[in-house]
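Please go through the structure below with the briefing that comes after it. The points are grouped by topic.

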Amino acid sequence: MKPAQFGISILASCLAMSLLSAETPAAKTDSARWNENAAAAYLDARLGWWMSWPGAVRDHETFCVSCHTVAPYALARPVLRAALAENIPSSTERKLLANVTKRVRIWNEVEPFYPDATRGVPKTAESRGTESILNALILASYDAPTGNLSPDSRLALDHMWAEQFKTGAAAGAWSWLQFHNAPWEGDSQYYGSTLAAIAVGMAPGNYGSSPKIQNGMKLLREYLVRERESQTLMDRVVLLWASAKVPELLTRAQQKSIVDEALSKQQADGGFSLSSFVGAWKRSDHTPLETKSDGYATGVVTLALQEAGVSRDQPQIRRGLAWLILNQEKADGRWLAYSLNKQRDLSSDIGRFMSDAATAYAVLALQRAH
């Protein structure tokens with residue numbers, strides 16, 4: 001390593017370490033550096049792999065929009081463009097957008113991700129509900145910076161509302177994929193509904209105030225309020241994020257309660273462990289959950305709290321952001337996170353799924369602070 005590069009590396013580490021100490025004077029998180037290029041390369045490579053993986057291939061030359069790799073990528077990759085001096089979406093992003101747009105346009109022709117015929121009832125309904133939300137979230141997030149809602153995004157949102165339950169115990173929610181895999185496909189209906197709220201909140205052009213969606217929004221708010229207390233802390237943290245975009249989901253006192261509970265889980269190193277946010281969840285292989293700090297929990301918590309109005313200069317947020325700066329993997333640019341369902345080999349493609357999401361949310365949290 002050249003002397004100048006070594007000096008920069010040492011300076012970044014020292015600045016990040018100063019953020020970890022609550023007793024040091026306030027320091028600006030963006031003074032310390034992390035590697036945006038490496039994070040973008042990791043995210044692009046992982047989505048490139050996913051798009052060609054036989055397990056993700058679907059009909060009409062499309063691929064499955066996954067909760068762990070695809071949706072987080074779509075939220076995070078655009079925020080790296082300025083750092084990478086990119087003026088347009090990357091080629092990988094364009095392939096993703098083409099895939100989502102194609103499935104939205106031929107919604108009544110494409111097969112569900114997991115049909116009843118091959119996976120059993122009610123997988124068709126679960127697939128449609130899940131995909132409708134993820135499609136709307138992805139397209140709305142890409143429209144948000146433009147200030148205009150595109151026809152394809154509006155169509156995706158129309159499909160989403162058509163899938164919403166209007167009656168019954170789950171009125172206001174959507175059918176959501178249940179594979180007994182936490183945190184996204186195991187008793188995750190509430191999580192999916194918070195993503196629907198975020199999609200509406202992201203949609204530009206005052207979409208959330210549109211008269212035609214107010215009945216659906218009323219049902220969604222009622223569901224999220226009604227079922228809030230029975231959810232895991234991680235799902236309530238995502239609700240906190242949604243509440244910053246959609247009015248009347250949480251009172252100020254309820255927001256503060258979630259913030260305080262989330263911050264109470266902070267570990268000595270400044271990070272957060274997903275294991276402390278999922279209640280009594282157990283792995284199916286009976287191995288213990290990983291209790292060390294991870295990129296997914298730390299990224300989601302620091303992002304959601306910032307979105308809800310907690311300052312990046314709040315000492316615990318600063319320590320969480322500093323943990324992210326210090327814990328990006330130098331070898332490949334990702335942040336590590338660990339499966340809640342099985343003990344996985346983190347070097348395997350499936351073992352990287354949690355790190356895919358962790359990397360996306362770490363990027364979002366750090367860029368939000370910047």
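Predicted model: local features only at pLDDT ≥ 70, side-chain atom pairs only at ≥ 80, totals over all residues.

Residues are numbered from 1 along each chain as its sequence is written, and side-chain values use heavy atoms, with hydrogens and water left out.

**Nonpolar core**

- The largest nonpolar core has 112 residues; such a core is a set of buried Ala, Val, Leu, Ile, Met, Phe, Trp, Tyr and Cys residues joined through side-chain atoms within 4.5 Å.
- Buried means under 20% relative accessible area, exposed means over 50%, and partly exposed lies in between (1.4 Å probe, protein chains only).
- V237, Y296 and W335 touch the most other members of the core.
- Helix α14 (residues 353-369) supplies the largest share of this core, 12 residues.
- Helices (H or I, at least four residues) and strands (E, at least two) are DSSP runs, numbered from the N terminus.

**Aromatic pairs**

- The whole structure contains 15 aromatic pairs; rings of Phe, Tyr and Trp (its six-membered ring) pair if their centres lie within 6.5 Å, and planes under 30 degrees apart count as stacked, over 60 as edge-to-face and the rest as tilted.
- One of these pairs is W49 with W53, which is stacked, at 5.0 Å centre to centre and 25 degrees between the planes.
- W53 also pairs with W50, and this pair is tilted, at 5.4 Å centre to centre and 45 degrees between the planes.
- W50 counts as buried because its relative accessibility is 4%, whereas W53, at 26%, counts as partly exposed.
- Ring pairs join W49, W50, W53 and F353 into a cluster.

**Charges over rings**

- A charge sits over a ring if NZ of Lys or CZ of Arg is within 6 Å of the ring centre and within 35 degrees of the ring normal.
- R58 places its charged end over the ring of Y114, 5.0 Å from the ring centre.
- K123 has its charged end over the ring of F179, 5.1 Å from the ring centre.

**Helices α10 and α11**

- Helix α10 (residues 233-243) packs against helix α11 (residues 252-263) at an angle of about 135 degrees, with the axes 10 Å apart.
- Axes are lines fitted to C-alpha atoms, for helices over the stretch in contact, and angles run from 0 to 180 degrees between N-to-C directions.
- The two helices α10 and α11 are therefore oblique to each other; angles under 35 degrees count as roughly parallel, over 145 as roughly antiparallel, 65 to 115 as roughly perpendicular and the rest as oblique.
- L263 belongs to helix α11 and is buried, with a relative accessible area of 8%.
- The C-alpha atoms of L263 and V237 are 11 Å apart, and these residues are 26 residues apart along the chain.

**Backbone exceptions**

- Most residues other than glycine have a negative phi, and most peptide bonds are trans.
- V121 and P122 are joined by a cis peptide bond with omega of about 5 degrees, and P122 lies in the loop between α5 (116-119) and α6 (123-143).
- The bond from A182 to P183 is also cis, with omega near 5 degrees; P183 lies in the loop between α7 (151-163) and α8 (189-202).
- H60, not a glycine, has a positive phi of about 55 degrees; H60 lies in the loop between β1 (57-58) and β2 (62-63) and is partly exposed at 36% relative accessible area.
- E248, not a glycine, has a positive phi of about 75 degrees; E248 lies in the loop between α10 and α11 and is exposed at 65% relative accessible area.
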